[in-house]
Structures are given as structure tokens and as C-alpha cells.
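Have the sequence and the model open as you read.

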Amino acid sequence: MKPTRRNLPLLLLHTREAALAHFRPILKRFGLTEQQWRILRVLSEARNGLEPGQIAEACKIQKPSLTGILSRMVEMKLIDRDRSELDQRKQRISLTAKGSALVGRMAPLIDRQYQRIESMVGVETLSDTYRTLDTVLALLNRDGASDVEHAAKPWQSRTRGRVGAATTSRRGRGQMTRQR
């Protein structure tokens, strides 16, 4: 059966790519990846830094990937990791002076790109888009998981712990694993 509705996730992905095309040359000029810029931007808006889990959620970066990205950013001296004195497992990530200065140098160029996008799309259309996306995001997050996800849960519990159960990993989909 052919789907009867437009592909919303694909449309949003195409929109994201079209928007990012305006910012990628700036990121490249400063030697940053998109993920690094998202982290710098989020940290620049946080007064007292953030915990890694908060960064992962705010930037939509998987936690295993975030670990490596943060390590590289520490090596680049863009961020600091401060461990809690009460609980050494907890850490707070914040911008260094170098990271803050980099955000400051990039901000006018980023703002100029936003102005170009506003002139291409129109201030009102862009404001309406922000409002609509905020509304859709809030509504979709409110309802939680999809029916398909709920339907998959009984299957997952039936296969958990069985030899040869299909699993999903970062390296591949549907790999067969041997559990002992």
C-alpha cells in the first residue's frame, strides 16, 4: 500500500539541510563540526554550564557520540569538564575563555546568515515557522511514543535473553547476537 500522507520527517530533514547550507561555510572556516557548534551555542546560553546528559538532550546528540565530541572539544580547549566534589561521576561542562571568544567571533557571521534567511523567506513567514514548529514539537512530545513503538514492546520482551534474538546496535541493524 502506498502512503497517503506527505513524509513529514523527510520534509523536515530537507528543510534542515537547506538551512544548514547557509551556516556550513562558517563552521568550516572556524574548523568546527555541526555538533561542536550546537554544543558551543547551547553552552553559550547556559550560565553555569551543563551536565553531559543535558547537552545530549538539548543538542540531540547520542550520548556515546557526545563523549568523543566533548573529549575533542576539551583537547581544542573550547570547553572545560569540572567534576563534582561530592560525586566524581558527575561533571559540568562549560565554555573556556577560548570557546566563549570563538562564539563571539562567529556570532556576527551567524546573525548575518539569519538576516539573509529572513530576507529570502520573509520575517513573518519565519516567525510563523518558528511558532508552528514549537507547537508541533510540544504536541508530539506530549503524546510520547508512537503506536508502532508500543506494539513493538511485547516482541522485545519475548526475545530478550534468547539466543539468536535480533538486536539493534550503532554498527548495524538486525544483527544476530549470541547471548550466554
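What follows covers the overall layout, then the helix packing, the core and a few loop residues.

This is a predicted model, where local features need pLDDT of at least 70 and side-chain atom pairs count only at pLDDT 80 or more, while totals for chains, interfaces and linings use all residues. Residues are numbered from 1 along each chain as its sequence is written, and side-chain values use heavy atoms, with hydrogens and water left out.

**Layout**

The chain has 8 helices and 4 strands; these are DSSP runs numbered from the N terminus, with helices being H or I of at least four residues and strands E of at least two. Along the sequence they come in the order α-α-α-α-α-β-β-α-α-α-β-β. Of the 180 residues, 24% count as buried, where buried means under 20% relative accessible area, exposed means over 50%, and partly exposed is in between (1.4 Å probe, protein chains only). Take the contacts (heavy atoms within 4.5 Å) between residues at least 6 apart in sequence: 43% of them join residues at least 24 apart.

**Helix packing**

Two packed helices are described by the angle between their axes and the distance between the axes. Here the axes are lines fitted to C-alpha atoms, for helices over the stretch in contact, and angles run from 0 to 180 degrees between N-to-C directions.

| Helix pair | Angle | Axis distance |
|---|---|---|
| α3 (residues 34-45) and α5 (residues 63-75) | about 75 degrees | 11 Å |
| α4 and α5 | about 110 degrees | 10 Å |
| α3 and α6 | roughly 105 degrees | within 12 Å |

For orientation, angles under 35 degrees count as roughly parallel, over 145 as roughly antiparallel, 65 to 115 as roughly perpendicular and the rest as oblique. So α3 and α5 are roughly perpendicular to each other, α4 and α5 are roughly perpendicular as well, and α3 and α6 are also roughly perpendicular.

Who does the touching? Between α3 and α6, the contact involves Trp-37, Leu-40, Arg-41 and Ser-44 from α3, plus Leu-102, Val-103, Met-106, Ile-110 and Tyr-114 from α6. By class that contact has 7 nonpolar, 1 polar and 1 charged residues. The classes work like this: Ala, Val, Leu, Ile, Met, Phe, Trp, Tyr, Cys and Pro are nonpolar, Asp, Glu, Lys and Arg are charged, and the others, Gly among them, are polar.

On the α3 side of the α3 and α5 contact sit Gln-35, Gln-36, Ile-39 and Leu-40, and they meet Leu-66, Ile-69, Leu-70, Arg-72 and Met-73 of α5. That set splits into 6 nonpolar, 2 polar and 1 charged.

As for α4 with α5, Pro-52, Gly-53, Ile-55 and Ala-56 of α4 meet Lys-63, Leu-66 and Leu-70 of α5. The tally there is 5 nonpolar, 1 polar and 1 charged.

**The buried face of α4**

Which residues of helix α4 (residues 52-59) are buried? They are Ile-55, Ala-56 and Cys-59. Looking down the axis of α4, these buried residues fall within an arc of 100 degrees, so they line one face of the helix; the arc is that of the directions from the helix axis to the C-beta atoms. An α-helix has 3.6 residues a turn, so residues three or four places apart point the same way. The buried residues of α4 pack against α3, α5 and β2 (91-95).

**The core**

A nonpolar core is a set of buried Ala, Val, Leu, Ile, Met, Phe, Trp, Tyr and Cys residues joined through side-chain atoms within 4.5 Å. The largest one has 30 residues, of which Trp-37, Ile-39, Leu-40, Ile-55 and Met-106 touch the most other members. Helices α2 (24-29), α3, α4, α5 and α6 (97-121) each supply at least two of its residues, and α6 gives the most, with 6 residues. Leaving out residues up to four places away in sequence, Met-106 touches Ile-26, Leu-27, Phe-30, Leu-32 and Trp-37.

**Loop residues**

Lys-60 follows α4 and sits in the loop between α4 and α5. Its phi is positive, about 55 degrees, although Lys-60 is not a glycine. Lys-60 is exposed, with a relative accessible area of 61%.

Lys-77 also has a positive phi without being glycine, near 65 degrees. Its place is the loop between α5 and β1 (79-83), and at 55% relative accessibility Lys-77 counts as exposed.

Not counting residues up to four places away in sequence, Thr-96 touches Lys-77, Leu-78, Ile-79 and Asp-80.
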